[in-house]
Amino acid sequence: MPTTATAPTTTAPVPVASLTKTDFLHDYRLGWESRHASLAGRKEVFMGKAKFGIFGDGKELPQLAMARAFRAGDWRAGYYRDQTFMLAIGELTLQQYFAQLYAHPDVEAEPATAGRAMNGHFGTRFLDEDGNFRPSAELKNSSADISPTGGQMPRLVGLAYASKLYRQNPELHQFADFSVNGNEVAFGTIGNASTSEGMFFEAINAAGVLQIPMLISVWDDHYGISVPAEYQTTKQNISEILKGFQREGEGQDGFEIYRVNGWDYPALLDTYERAADVCRAQHVPALVHVREVTQPQGHSTSGSHERYKNAERLSWEQAHDCLLKMREWLLAEGHASAEELDAIEKAAQQTVKEARTAAWQEFFNPIKQERDEVVVLLNKLVAETGTENQLHEMVEALQHNTAPIRADLVRTVRRALRIARGQRSNSRRELQNWLEQALADNADRYNSYLFSQSEEAVGNIEEVEVAYAADAASVDGREVLQACFTANFERDPRIFAIGEDVGRIGDVNQAFAGLQEKFGELRVTDTGIRECTIIGQGIGAAMRGLKPITEIQYLDYLLYGIQTLSDDVACLQYRTKGGQKAPLIVRTRGHRLEGIWHSGSPIQMILGAIRGIHLCVPRDMTQAAGFYNTLLRSDEPAIVIECLNGYRLKEKMPANPGDFTLPLGRPETLLRGADLTIVTYGSMCRIVMEAAQQLAEVDISVEVIDVQTLLPFDTDHLIVDSLRRTNRVLFADEDVPGGATAFMMQQVLDEQQAYRFLDSQPRCLSAQAHRPPYGSDGDYFSKPSVEDVFDAVYEIMQEADPKRFPAIY
């Protein structure tokens, strides 16, 4: 814990010399407006007008200094305490700040998240109303915040990496709406405690290797909630332990590392100006360690910092409050009088009060109006149905609720209709109509935009059938992918691929063979072993208008990036209500691989984590190519899992390998049958097809359906048509019991209501609960085999007709 302070800077650095009294007082005013917003926000939570609050008090000065170095075209991937910065760059108003605190579900009132994220989660709308990119090179851009600490770091790498591509790849210079010669800096912010996260260290290393314009600020207030730095960071000093990243001189690889106190306004201005200039001009990453920062209200409204900070620390924080320090500096340098500063502070408090009041009225008045409408309708129902004794208390409670929310209205109407069930009256019909409209309106407010609604959405991509020449060659499956990628790289210069081993050797299965030599290292690029930031590199680049294919070498390794995919990409369109997108393609391979750590089918985990990302599970490389052709023309993220044992199986070479497209969500019937339907995907298709041949030998006719994509799943409900005819179903895959087979069963039996057509119990055939041991025997006894499929189907048929199908065992 610091007990003494470094003496304030008295000589004016160059940036300070270029500023005027007006500039200084502007920053002072903005700092106090932000502080009063934090203080008022905490009170609003305690008054019950907001559910939770986390604020940026104590970090005002470094954010004001950072904002002065931030230019049009730059990007932010930040931390939920950056309110002062967002106010300073003009991308947040105080009224919008309070609208987010109240969870106002209107994009006009709360443009960052439309009330979907808690306060402090900022972002700019870099898409227009049609879901198309706005000219980000002309805007001050903030990628949408997420709460998981350190989670902003992978994306930050990608935002900075895009500048490198735009600068160094001449083919991209035409896209002036997205970049001006790669001059854009990606600014990141993080709390000191969160630098303990592996994501932080991986991102720092990746940025150093890539040499990209990434400027990361560490707000160091010595704590992570209640845990002090001695439990967080070696030497209690993140810049000290990162010394090895410091470059040795201009032209050398590495970082520029700066240290500055969070209360030293002129030093902060100088530091950020120098750091941003190095990033912008030289594409050298920089780290600014902002020390001696305070947090006057503690971590959040969940508790008080007096519980874990001793009196000495609290006293030190009060003395080193950055706004009080700025006041001292302004007075000492003669930039303002005490009376001027007093007036600014008072005016700031009044400005915040007015913004808070306006935000609350804009949020609450529509709800109050809806409540009054509902009360009128309920009173009509009371009058017409004669159910006053049952409804009266309910109506009275709603009418006198001083702060109703929409859930109160809908809940009351539902209960009223329940009470009046079976009765016919105009008032009941009016109330029913109100409920239907309310549910539709609230679906838009709270459930919309999980996926793109633009013209480039997956469902809008024109379907083009695969074509074959009469003498089409039979080639290894990998060659189909190679032709697909080659054609797409030639078609669109925005497409690039990164991943372990994708460059020089053309990936471990050779689908990128020769592409680096043809298109260059900037477009087909090897990376280190760092799956989390490979994903992040793609996210940021996709946000900046590029078309990344990020390869995760094996499906098992997706676990390193699943948090980033889940918390960032999957919910990006949703948490911004269509304001941001990242059309990232994750290419990986799995299924029939050997061993405990390469078993390759954790589909249940993926399905549960990535709603908002498409999941393609093609059975062969032609299908995979069709999905890539679709996805590379769309603006939605997806994971494509190729079959690891399919790269050297023979397939016909399409005549249009880069042009044919496959729709997502449409199953394909591989075999027609009459007795039972098998629903499967991926590598299991070949196993099921072989089993089907053996079943035919004992007079069992099965229909085999390849779902092709799990997300979306059979959007036209084609599988239920099969069950209408066969009346029996087996769901088969290589995931754990209750995994993707249970998901498919729910989709077919519940969503499609196919249970109505079943004459036998639906069955699931999956792998064992454990991971497969190494070796062919381990695979055979752990994952479904041809014999397992045969036996499962035979048992179902035996139960239906034991005379025709006597027991085998």
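Helices (H or I, at least four residues) and strands (E, at least two) are DSSP runs, numbered from the N terminus. This is a predicted model, in which local features need pLDDT of at least 70 and side-chain atom pairs count only at pLDDT 80 or more, while totals for chains, interfaces and linings use all residues. Residues are numbered from 1 along each chain as its sequence is written, and side-chain values use heavy atoms, with hydrogens and water left out.

**Domains**
- Four domains are assigned: domain 1 (54-77 + 132-139 + 151-334), domain 2 (365-447), domain 3 (458-652) and domain 4 (668-800); the bounds come from an automatic or database domain assignment.
- The centres of domain 2 and domain 4, taken over C-alpha atoms, lie 46 Å apart.

**Helix 2**
- Helix 2 (residues 21-46) has 26 residues and should span 38 Å at 1.5 Å a residue, which agrees with the 38 Å between its end C-alpha atoms; the expected span is 1.5 Å times one less than the number of residues.

**Helix 5 against helix 12**
- Helix 5 (residues 94-101) and helix 12 (residues 338-385) have axes that come within 8 Å and cross at roughly 50 degrees. Axes are lines fitted to C-alpha atoms, for helices over the stretch in contact, and angles run from 0 to 180 degrees between N-to-C directions.
- Helix 5 and helix 12 are therefore oblique to each other (under 35 degrees is roughly parallel, over 145 roughly antiparallel, 65 to 115 roughly perpendicular, and the rest oblique).
- On the helix 5 side, Leu94, Gln95, Phe98 and Ala99 meet residues of helix 12 including Thr351, Val352 and Glu362; contact means heavy atoms within 4.5 Å.
- The residues of this contact of helix 5 with helix 12 comprise seven nonpolar, two polar and two charged (Ala, Val, Leu, Ile, Met, Phe, Trp, Tyr, Cys and Pro count as nonpolar, Asp, Glu, Lys and Arg as charged, and the others, Gly among them, as polar).

**Helix 11 against helix 12**
- The axes of helix 11 (residues 322-332) and helix 12 come within 10 Å and cross at roughly 145 degrees.
- Arg327, Leu330 and Leu331 of helix 11 meet Ala338, Leu341, Asp342 and Glu345 of helix 12.
- The contact of helix 11 with helix 12 has four nonpolar, no polar and three charged residues.

**Helix 14 against helix 15**
- Helix 14 (residues 406-419) packs on helix 15 (residues 426-447) at about 145 degrees, with the axes 10 Å apart.
- Among the contact residues are Leu409 and Val413 of helix 14 and Trp434 and Tyr446 of helix 15.
- By class, the contact of helix 14 with helix 15 has eleven nonpolar, two polar and four charged residues.
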